[in-house]
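User: I am new to this structure and would like a close look at a single part of it. Please take one pair of packed elements and describe what lies around it.

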Amino acid sequence: MAGSSHGHTPAAWTGVTIAIIGFTVAGAFMVMAEPLGFWAGMAIVALSGFVGLAMRAAGLGRPKAAAQPAHQATATATATREPAGVEG
């Protein structure tokens, strides 16, 4: 994944950070046996997805042209190589 820039955008970092905060809030309220706080944390987690999508739509995510998976580029490169010879 090093060559694909997967997740190395402000939209991805912001979405993941908000999701971690939401899971932390939900976990803390779960231990305190407060269902309302737990569901508030889950709402924060759901909000993180919307924030990430909104930031991507605003141009802070990966551009559409760069959305080609890295494995396709390697598959075409390996398909044109000659097979190794067998010594026997």
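Analyst: Helices H1 and H2 pack at an angle of about 175°, with their axes 7 Å apart. Axes here are lines fitted to C-alpha atoms, for helices over the stretch in contact, and angles run from 0 to 180 degrees between N-to-C directions. H1 is therefore roughly antiparallel to H2, a term used for angles over 145 degrees.

This is a predicted model, in which local features need pLDDT of at least 70, side-chain atom pairs count only at pLDDT 80 or more, and totals for chains, interfaces and linings use all residues. Residues are numbered from 1 along each chain as its sequence is written, and side-chain values use heavy atoms, with hydrogens and water left out.

On the H1 side, the residues that make the contact (heavy atoms within 4.5 Å) include Pro10, Ala11, Gly15, Ala19, Gly22, Phe23 and Phe29. On the H2 side, they include Gly37, Phe38, Gly41, Val45, Ser48, Gly52, Arg56 and Leu60.

H1 covers residues 10-31. Helices are DSSP runs of H or I with at least four residues, numbered from the N terminus. With 22 residues, H1 reaches 32 Å from its first C-alpha to its last, close to the 32 Å expected at 1.5 Å a residue; the expected span is 1.5 Å times one less than the number of residues.

Ala33 has a positive phi of about 60° although it is not a glycine. Most residues other than glycine have a negative phi. Ala33 counts as exposed because its relative accessibility is 59%.

As for the setting, the chain has three helices and zero strands, in the pattern α-α-α along the sequence. Of its 88 residues, 17% count as buried.

Terms used
Helix = DSSP H or I, 4+ residues; strand = E, 2+ residues; numbered from the N terminus. Buried < 20%, exposed > 50% of the residue type's maximum accessible area, 1.4 Å probe, protein only. Parallel < 35°, antiparallel > 145°, perpendicular 65-115°, else oblique.
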